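Two chains meet in the model shown here. This report looks at how they touch.

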Amino acid sequence: MKKQKKMKPGRLKRRENMMGYVFILPWLIGLLGLVLYPLVESFRYSLNRIIMNPMLGRVMTPVQFENYRNIFLVDTDFVFQLENYLLQTALAVPVIVAFALIIAMMLNGKIRMKGFFRLIFFLPVIIASGPVMNQLTSQGAASIPMMNVQMITGIFEEYLPRVLATALSSVFSNIIMLLWYSGVQILIFLAALQKIDSSLYEAAKIDGGSSWECFWKITIPTIKPMILLNAVYTIIFMSNTETNGIINLISTRMFSSAGGGAGGYGYAAAMAWCYSIVVTLLVVVMAALLMGRKDIYARRAKKFRKEQKKQEKLAKKFRRRGEKNAKRIAKNANKAA
Amino acid sequence: MQNGSQKTQTKQPKPAKQLKPVKQRLSYKGAWKDRLKKFVFGSKEKEGAGKQIVVYILLISIGFVYLYPLLYMISRSFMTVNDLLDSSIQWLPTTAYIDNYKNAARAMDFWKTFGDSGLVAGGPSLINVVICAIVGYGFARYEFPGKKVLMGLLIFSFILPPQITMMPTYAFYTDIGIVNSLKAFVIPSILGQGLKAQIFILIFWQFFRQVPQALIEAAKIDGAGHFKSFARIAIPSAAPAILVVFLFSIVWYWNESYLTQLYVVGVTGGSESTLSTLVVSLKTFDTAYTTAASQSGGTMVSINENIKMAGTMLSILPLLIMYFVLQRQFVESVDRTGITGE
């Protein structure tokens, strides 16, 4: 079996597979020309101060890492916005994923008008664009009417450190916005839940498992990959919506003609680099948190095998040492004789 | 849960009657308590009514919360200024006042902007569908060297925020003179780098992997080339994926305002380009309305909340109509494309 897998495809097959490149050619050109090249170029920009000159076009003067230094030490907005973004994302991702899971669980049961509810919960995906959300939040239509946001905010401010309090109260005052962002996630969870084999639940129920136990021992492990997918999707969505202050900051800085180290393409490129690194790190951390764990049986089996190997090694060592010793003893005995 | 004595202990049960489910009755002293408990909390076999009621209440209240901004928007957009100031009016306006819509539409130049939006969303979406289908097929069907690396790069380019490549790309587009025109959206989508094209490529990849290899081999024996088997076998079987990709592409392009404003409409004043989408014009609604009102010579009232809501409503109305017409395609999209297949 293993040998067959390792066997190289024949020449005809290989030549045929080259056709794959033909099919992905447009994307490949795009990747090189519109992703990888601009990525490198953007880094080069970030090391320069770029001034738009009506006669000469873009004038670049290399300044090394001055742009990066200015972002963190001179610019008052960037660090503030970055902090805001990080806190908001850190709070929003669990809220959105958990909420989507709860809604999906409820919709997965036997209920009437399932289609109607799905229609409602998916609706925001269609209409929630940045400007629309901005209009709604400015009108105060993004918080639940019956909820006394003022009071909740007051409580938070009294008992929590300021940074946490503002972040939490922003979650509460824009709670509808967060709920609105979970449309796609609900559908993904719903599709995953419907694929779980119902005989698993039946077997668990026969063994006396409650639905609470079923949820933790069957549902969660089965849809774990989907949790990861949704978390990553949420992060990427949150980092690209227009309600996110940081991307607006980058585009205003890009066209600001301040020139003196606080604007222009180079400065904006440096900002974008910092921002991208933060986003990528967030995704990586999230993936590591949710993906790394194997289930307990696999871990135990691995541990057992490791232990076994260790024992074997030890036994081998002892045996060899025993042989060695026996030889030496024999030698000594010979000498003595 | 203990069951009382069963009533259905007939002496000679007929075989036909035995097939019917045996209804268990609890008929001992104090049985009504257990019966109530069973009714509300349910047993292992059946969900209780209490749980059902809780689920319905939760779903309906969350559904209301979901719809609240939309209802708020609709109700506000029909109110007059007097209704807005009248504290006794919460939801229902005194009259269906459509002047808000008229004024907002005038400020946004609705029909022209609507046409532009259709163009900006529709054109690149069509190209997106074609290119993503081709690329997805290439990834699904062929085992070429370096495929894993390229797939990794695909996902990497999805995670990467577009801001990082924005400045060099903008500079490049300015140099070749396609900025502030639709070409700035068309060219990336031809090269498979349209808006969220990575997701679409993955959807098609997932879909085409399910096409049986035997089918394609049979076509090859019958003399079909690579492109012919793609066009004749893969494409017809991918109709649901094509529809989903097309719809989502339209929605995402329609709602994109950041990149649209940068590349297509133009940031500095917006006078360079003749194109403008509804969502972008909503962004600059306040200033646009003020200038329109001053030009109209007093026929337009000054801006208020209701007009803003009417403008917002106008910008999402086309999508709302599309959503309610094609609701099934949207709601079942995730099931159809099998994103959760693995």
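The model is predicted. At the interface, 89 residues of chain A are in contact with 96 residues of chain B. About 8500 Å² is buried between chain A and chain B. Carbon and sulfur atoms give 75% of that area.

What polar links does the rule find across the interface of chain A and chain B? There are 11 residue pairs in polar contact, with both residues at pLDDT 80 or more. Salt bridges across this interface number 0.

On the side of chain A that touches chain B, helix 3 (residues 19–46) of chain A gives the most, with 19 residues. By class, that side of chain A holds 64 nonpolar, 16 polar and 9 charged residues.

Now the helix pair. Helix 6 (residues 114–127) of chain A and helix 17 (residues 305–325) of chain B have axes that come within 10 Å. The axes cross at roughly 145 degrees. The crossing of helix 6 of chain A with helix 17 of chain B is right-handed. The table lists the residues that make this contact.

| Helix | Residues in the contact |
|---|---|
| Helix 6 of chain A | A:Arg118, A:Leu119, A:Phe122, A:Leu123, A:Ile126, A:Ile127 |
| Helix 17 of chain B | B:Ile316, B:Leu319, B:Leu320, B:Tyr323, B:Phe324 |

How does the contact of helix 6 of chain A with helix 17 of chain B divide by class? It has 10 nonpolar residues, no polar residues and 1 charged residue.

Key: Residues are numbered from 1 along each chain as its sequence is written. Chains are lettered from A and ligands numbered from 1 in the order in which they are written. This is a predicted model: local features need pLDDT of at least 70, side-chain atom pairs count only at pLDDT 80 or more; totals for chains, interfaces and linings use all residues. Side-chain values use heavy atoms; hydrogens and water are left out. Contact means heavy atoms within 4.5 Å. Buried area is the accessible area (1.4 Å probe) that two parts lose on being put together, summed over both. A salt bridge is a side-chain nitrogen of Lys or Arg within 4 Å of a carboxyl oxygen of Asp or Glu. A polar contact is a pair of N or O atoms within 3.5 Å; within protein, one must be able to donate a hydrogen and the other to accept it, and residues adjacent in sequence count only if both atoms are side-chain atoms. Helices (H or I, at least four residues) and strands (E, at least two) are DSSP runs, numbered from the N terminus. Ala, Val, Leu, Ile, Met, Phe, Trp, Tyr, Cys and Pro count as nonpolar, Asp, Glu, Lys and Arg as charged, and the others, Gly among them, as polar. Axes are lines fitted to C-alpha atoms, for helices over the stretch in contact, and angles run from 0 to 180 degrees between N-to-C directions. A crossing is left-handed if the near helix is turned anticlockwise from the far one by less than a right angle, and right-handed if clockwise.
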